[in-house]
Amino acid sequence: MKMYVKFDFNTLCMKVLEEKLKDQGLNYRLLNFGEVELFESFTEEQCKAFKENLEDYGIEIIESHKTALVQRIKDVITEFLSSDEAVPVKASIYISEKLNHSYGHLSNVFSDAAHTSIENFIIIQKIEYAKELIISKRYSLTEVAQKLNYSSVAHLSTQFKNLTGVTPSYFQKIISKRRKVQQYDKHYSKAV
């Protein structure tokens, strides 16, 4: 039996962060996603222990404002792409409005720190999300293209192939073959 689970990474991370802050007995206030205001200072030992606790969950404390802004841009892009409802604006407008900065400024900071453009990062994230949707078997390629705001399946296919080396339909076939092999192996191992 298989079960498909949907994750809201933002909510999950916020819950872990709150839990760990409470465990430390800290007085705090959550601001925007990924921002915490502490009402008391950390000792060096508390800070080290807190960082180690968060690292167990893949969460790290960011030291510089620039790095924090780049992370917030990535988080907003993830939110934009994983929204269940179609977002009626372009990604650049969405990011700019969410972060209250001009897109030009955000683009410069991002490309300087991440060594790639926001546009390229979005394409990479869209293709990763497309892979997840294809693997889930709940969506046709047309639905995947629509969900990710591609103008057509052909546009999705072009970007998918440029990034992965294979078309989405070929990727579907690979996944299908792997599932059949796993089912065969599972059935065969029970028979032996």
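Start with Ser136, which counts as buried because its relative accessibility is 8% (buried is under 20% relative accessible area, exposed over 50%, partly exposed in between, with a 1.4 Å probe and protein chains only). The model is predicted: local features need pLDDT of at least 70, side-chain atom pairs count only at pLDDT 80 or more, and totals for chains, interfaces and linings use all residues. Numbering runs from 1 along each chain as its sequence is written, and side-chain values use heavy atoms, without hydrogens and water.

**Stop one: Ser136**

Select helix α6, residues 118–136, where Ser136 lies (helices are DSSP runs of H or I, at least four residues, numbered from the N terminus). Now show Leu133. Its backbone oxygen lies 2.7 Å from a polar atom of the Ser136 side chain. Ser136 touches both, not counting residues up to four places away in sequence (contact means heavy atoms within 4.5 Å).

**Stop two: an aromatic pair**

The structure holds 3 aromatic pairs (ring centres within 6.5 Å; planes under 30 degrees apart are stacked, over 60 edge-to-face, the rest tilted; for Trp the six-membered ring is used). Select Phe80 and Tyr94, a tilted pair at 4.9 Å centre to centre, with 50 degrees between the planes. Phe80 sits in helix α3 (residues 65–82) and Tyr94 in helix α4 (residues 91–99), 14 residues apart. Both Phe80 and Tyr94 are buried.

**Stop three: Met3**

Go to the segment before α1 (9–23) and pick Met3. Is Met3 buried or exposed? Met3 counts as exposed, because its relative accessibility is 65%.

Key: Helices (H or I, at least four residues) and strands (E, at least two) are DSSP runs, numbered from the N terminus. A polar contact is a pair of N or O atoms within 3.5 Å; within protein, one must be able to donate a hydrogen and the other to accept it, and residues adjacent in sequence count only if both atoms are side-chain atoms.
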